[in-house]
Amino acid sequence: MQIKIGIIGGSGLDDPDILEGRTEKYVDTPYGKPSDALIMGKIKNVECVLLARHGRQHTIMPTDVNYQANIWALREEGCTHLLVTTACGSLREEIQPGDIVIIDQFIDSD
């Protein structure tokens with residue numbers, strides 16, 4: 001199985017310069033348009049697709065991100081794995097700025 005990684009980049013990890021040989025593609029999904037164009041390329045010979053969660057001009061507010069369209073678009077492009085980043089804060093004092101946190105619970109109210 002060939003791995004193809006979809007990256008949904010939040011603020012700071014949406015720079016297309018991380019990809020070699022990049023091309024871009026605008027798509028539509030049954031859920032509408034994703035946040036921006038899909039930017040395809042490679043990182044160290046691994047096929048990747050980058051999608052800027054808030055749009056490349058950072059014009060989409062977090063509550064307005066079309067998450068379903070974003071996921072659909074990456075799956076249709078053949079992504080087998082997703083890396084998704086976020087830069088939100090925490091209410092827990094032991095989690096400091098710069099810490100990396102991997103969630104183990106997620107509530108989707110939609």
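Colleague: How many salt bridges does a search of the whole structure find?

Modeller: Side chains of opposite charge can pair when their charged atoms come close. A salt bridge requires a side-chain nitrogen of Lys or Arg within 4 Å of a carboxyl oxygen of Asp or Glu. The search finds seven here. This is a predicted model, in which local features need pLDDT of at least 70 and side-chain atom pairs pLDDT 80 or more, while totals for chains, interfaces and linings use all residues. Residues are numbered from 1 along each chain as its sequence is written, and side-chain values use heavy atoms, without hydrogens and water.

Colleague: Which residue forms a salt bridge with Arg 22?

Modeller: Asp 17 does, with the closest N and O atoms 3.0 Å apart. Accessibility is read as buried under 20% relative accessible area, exposed over 50% and partly exposed in between (1.4 Å probe, protein chains only). Asp 17 is exposed because its value is 53%, whereas Arg 22, at 42%, is partly exposed. Another bridge joins Glu 94 to Arg 92, at 2.8 Å between the closest N and O atoms. Bridges with shared partners also unite Lys 4, Lys 25 and Glu 77 in one network.

Colleague: Is Glu 77 buried or exposed?

Modeller: Glu 77 counts as buried because its relative accessibility is 16%. Leaving aside residues up to four places away in sequence, Glu 77 touches Lys 4, Lys 25, Leu 38, Met 40 and Val 49, where contact means heavy atoms within 4.5 Å.
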